[in-house]
Amino acid sequence: MIDDLEYNTEREHLIIPEYGRHLQKMINHAKTRETKEERNKLAKAIISVMGNIQPHLRDVPDFQHKLWDQFFIMADFDIDADSPYGMPSKEELQARPEMLEYPQNHPKYRFYGNNIKTMIDVAVSWEEGDLKEALKFTIANHMKKCFLNWNKDTVEDAVIFNHLFELSNGKLDLKDSDETLSDSTSLMRTKSKYSNSKSSLNKKSNNSNKKKYSNNRKRY
């Protein structure tokens with residue numbers, strides 16, 4: 001009796017393990033039938049069993065189409081049976097998708113981020129005037145803020161102007177401007193105000209929770 005034991009390591013490979021070995025044997029049995037009428041009859045019965053095994057597929061569009069495709073895959077595309085959707089192509093199902101082309105941006109000054117290049121391109125496309133001049137200083141102030149987030153020390157406006165001139169390929173020039181950018185402390189103060197207000201809100205919520213808890217203790 002022990003000699004008749006069958007181990008999984010000695011059995012054939014399961015193509016779709018979710019359906020189990022018994023269903024794979026049913027498909028293998030259907031492949032051995034001589035007449036096409038028998039194979040079609042068994043194929044329909046197997047499709048019905050597959051639908052009961054995978055009930056979650058009933059919500060998937062083209063539920064029957066998916067089951068028939070899986071049937072032919074488990075049969076290794078080596079069964080002559082009539083499907084309402086036709087036998088799928090083995091090469092088409094095994095074909096690998098094309099590689100996705102990810103944007104490869106390697107900016108020289110990474111601490112400014114990739115969006116700053118888009119802002120500069122927009123500013124370059126604008127006509128000369130007060131709006132463009134205001135946009136150039138807005139971009140420069142944003143660059144200064146990004147620089148301070150990367151390096152906590154102060155930065156001279158001339159450094160920002162040179163970087164802006166370089167990133168715009170010389171089309172945005174503020175190096176000879178008499179105006180100055182926002183002060184470093186004011187740019188960093190915005191972040192500190194936000195963090196302080198957030199911590200104060202957390203403290204208030206904690207205090208209110210403590211009061212509620214203390215009131216409940218007094219009541220009971």
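Reader: Which residues on the other side of helix 5 are exposed, and what makes them so?
Author: Asn115 and Ser125 are exposed. Exposed means over 50% relative accessible area, buried under 20%, and partly exposed in between (1.4 Å probe, protein chains only). The helix is a DSSP run (H or I, at least four residues; strands are E, at least two), numbered from the N terminus.

Reader: What kind of model is this, and how are residues and side chains treated?
Author: This is a predicted model: local features need pLDDT of at least 70, side-chain atom pairs count only at pLDDT 80 or more, and totals for chains, interfaces and linings use all residues. Residues are numbered from 1 along each chain as its sequence is written, and side-chain values use heavy atoms, with hydrogens and water left out.

Reader: Why are the buried residues of helix 5 said to line one face?
Author: Ile116, Ile120 and Ala123 are buried in helix 5 (residues 115-125). Seen down the helix axis, the buried residues fall within an arc of 60°, so they line one face. The arc is taken from the directions from the helix axis to the C-beta atoms.

Reader: Why is the pair Trp68 and Phe71 called edge-to-face?
Author: The ring centres lie 5.7 Å apart, with 80° between the planes. Rings of Phe, Tyr and Trp (its six-membered ring) pair if their centres lie within 6.5 Å; planes under 30 degrees apart are stacked, over 60 edge-to-face, the rest tilted. Therefore this pair counts as edge-to-face. Both residues lie in helix 3 (residues 63-74), and both are buried.

Reader: What makes Lys175 count as lying over the face of Phe165?
Author: Lys175 is at 3.9 Å from the ring centre. The rule asks for NZ of Lys or CZ of Arg within 6 Å of the ring centre and within 35 degrees of the ring normal.
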